[in-house]
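These are my notebook entries on one structure. I record what I looked up and what I found.

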Amino acid sequence: MPVVTWLKRHLVVIGGLLTLGYLLLPNVVVTVFSFNKPKGRFNYEWQQFSFDAWKDPCGVADMCGSLSLSLQIAFWATVGATVLGTMIAFALVRYRFRARGSVNSLIFLPMAMPEVVMAASLLTLFLNLGAPLGFWTILIAHIMFCLSFVVVAVKARVMSMDPRLEQAAQDLYAGPAQTFLRVTLPIAAPGIAAGALLSFALSFDDFIITNFNAGSTVTFPMFVWGSAQRGTPVQINVIGTAMFLVAVLLVLFSMVLGNRRNRQKA
Amino acid sequence: MNTTDNSGDVRLSGISKTYGAFTAVHPLDLTVPQGSFFALLGASGCGKTTTLRMIAGLEEPSGGTVFLGDQEVTHLPPYKRPVNTVFQSYALFPHLDIFENVAFGLRRRGIKSVKKQVVDMLDLVQLGEQARKKPHQLSGGQQQRVAVARALINTPKVLLLDEPLGALDLKLRRQMQLELKRIQTEVGITFVHVTHDQEEAMTMADTVAVMNAGRVEQLGSPTDLYENPNTTFVANFLGTSNLIEAEVDTKSGDDIVLKAGGGKLVLPEARCSAPTTTGGKVLVGVRPEKISLTHADDAGEIPEGRNRITGKIADSSFIGVSTQYVIDCPVCPEFEVYAQNIDRDARLVPGAEVVLHWNPAHTFGLDAAQDIDAGVDIEEEAA
């Protein structure tokens, strides 16, 4: 019975590894196929190993343009949503004003509403206003749906903050601006950072809302969708793999940084 | 310390605070002289912290003025007042290390070279080794010392302490009481200390103001408050008092003779804060440790001229330095007596008939028109 005992003892680890495998398998496939050299237009069957796509990532017409556009929109949407969302979160926690309760629940609405409904209603709004569809309409839409996530993340942080910390800062000769910069903001920073990261990820890979409100502008997710109907260039896998690697590197970097800081303190 | 310097005086005149219909602090006049250790003592919700916060500028008074020395600061924001606060539960900045916490006030005032001052201050509170740790890595007592250092380094005119020892265990609290007292004597800064712990107020402060329901009940030195309470609240809140309702019988010289139960009690007129008209009611008070306990069989040995009451021991508890008795007397059902354990009389056990007697000079008199139990149980609720 040693096998059964061994299984029993390591059940949690085995379960964890299987789940991790389940999560990472798609990424593995994307990575492997970025080294493929497909025969036809579709990159669905393994043919032979090649660096071709990696050597020429922008070799597909319009792809890098759409990628750059997506990155720009994600950047500005993150900035906009983070600034506005942080201010809303502070207002909701710190001040008592009329309609505070309803604002508090309305802010969750974009998270709960089906994206396609939001997409369609936004389009209706833009068309009625006569707004030309493109970069700006996409940006406005993205800021809007990222906002709720930032508010939720920052609000949790601000609520758990001891108001006496700001009073202590004021008591120690920090004026309102100094108090905010030196005490409030650094303490709220993890919440703000979490909101910003979420915003970037949500904005970058949004398809439905963007597709409705983009007009003739093409973002990276739209490009992938479009090309999937005509053929999938290997470069798409290259970009996907590169983004996965960047994300992994960022996580590793922050872990190393955190570890070093902890060791210094100890 | 320069005695003519009054820049560290705190003068509150007619200061009050209301929240809607609720009055937290009734118009209050208070002067804390430069260099003194002043305690605001009271149960939670009595307005002591609100008063402190009005001095700090963290609370806008509804009326009245606050002066620091000759400067009116009533409407100055906290960051423009030359006072610093040690907050309840310390409010150390969690994202800054100990060094930066202590340096915070100096840096905000634009002082560039803070290193030496901070190091000296951390040495004063014996935390030099911990400078690069974050607050959460320190114990409660250490955090408390950081909070004191962070405030003191700015050499404020007045240091405000809001229940600074409330979160510490008893032993550490005793230690920090002495430590704070030492620091105060050393730096000579005016300390205003808010606490609900009467023992803490009495050990540390030169002057204590006892607050109750938004008013100062009595102000004075710890000894004065303890020996000559003016109200039942002060008598009961500061230590324990035995209060007996009595009727004024006659006056003889400087003494008042009172009737209580069947017997007579003598009260020095100077120690009675209530009006005394013959036939009027007065509350007679005496502290438990002033009383001697004699077994009823030996009643003849009690010297003349002492106040005496008879009763039966209801309960006794031995607590090392003394034995605490609860005596059931006709005039007062729960009379408390603390007897030193010097020559213990083996007959003094529950059920024994005893005579309680004390020097009339230790008796105080209070106005009978107040709640006899005011301030009795508040302390435990607040703790």
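Which residues have the most contacts inside the largest nonpolar core? I found Val102(B) and Val192(B), in a core of 135 residues. The model is predicted: local features need pLDDT of at least 70, side-chain atom pairs count only at pLDDT 80 or more, and totals for chains, interfaces and linings use all residues. Residues are numbered from 1 along each chain as its sequence is written, while chains are lettered from A and ligands numbered from 1 in the order in which they are written.

**Entry 1: the cores**

I noted the terms before going on. A nonpolar core is a set of buried Ala, Val, Leu, Ile, Met, Phe, Trp, Tyr and Cys residues joined through C-beta atoms within 7 Å. A residue is buried if 20 or more other C-beta atoms lie within 10 Å of its own, exposed if 12 or fewer, and partly exposed in between, with C-beta atoms placed from the backbone.

In the core of 135 residues, the largest share, 12 residues, comes from helix H8 (residues 135-159) of chain A. Helices (H or I, at least four residues) and strands (E, at least two) are DSSP runs, numbered from the N terminus. Domain 1 (10-227) and domain 2 (240-382) of chain B both give residues to this core, so it lies between them. The domain bounds come from an automatic or database domain assignment. I also noted that 38 Å separate the centres of these two domains of chain B, taken over C-alpha atoms.

I then listed contacts of Val192(B), where contact is defined as C-beta atoms, placed from the backbone, within 7 Å. Not counting residues up to four places away in sequence, Val192(B) touches residues including Val32(B), Phe38(B), Leu52(B) and Leu160(B). A second, separate core has 10 residues, among them Ala53(A) and Ile236(A).

**Entry 2: strands of chain B**

What is the order of the open sheet of five strands? I read S13-S12-S11-S14-S20 (chain B), with antiparallel pairing. Two strands pair if DSSP finds at least two bridges between them. Strand S13 (263-268) and strand S20 (364-367) of chain B are the edge strands, each pairing on one side only.

Strand S12 (residues 255-260) of chain B is joined to S13(B) by six bridges, and Ile256(B) stands opposite Leu267(B) in S13(B). I also looked up strand S17 (residues 322-328) and strand S18 (residues 335-340) of chain B, which pair in the antiparallel sense over six bridges. S17(B) and S18(B) form a hairpin with six residues between them. Ser322(B) has Gln340(B) as its bridge partner in S18(B).

**Entry 3: the contact of the chains**

How many residues does the contact take from chain A and from chain B? I recorded 16 residues from chain A and 19 residues from chain B. On the side of chain A that touches chain B, H9(A) gives the most, with six residues.

**Entry 4: positive phi**

Most residues other than glycine have a negative phi. I looked up two residues with a positive value.

Ala99(A) has a phi near 70° and sits in the loop between helix H4 (63-94) and helix H5 (100-106) of chain A. Tyr90(B) has a phi of about 75° and sits in the loop between strand S6 (83-86) and helix H2 (98-108) of chain B.

Is each of them buried or exposed? Ala99(A) is exposed, with 8 other C-beta atoms within 10 Å, whereas Tyr90(B) counts as buried, with 23 C-beta neighbours inside 10 Å.

Notes
Contact = placed C-beta atoms within 7 Å.
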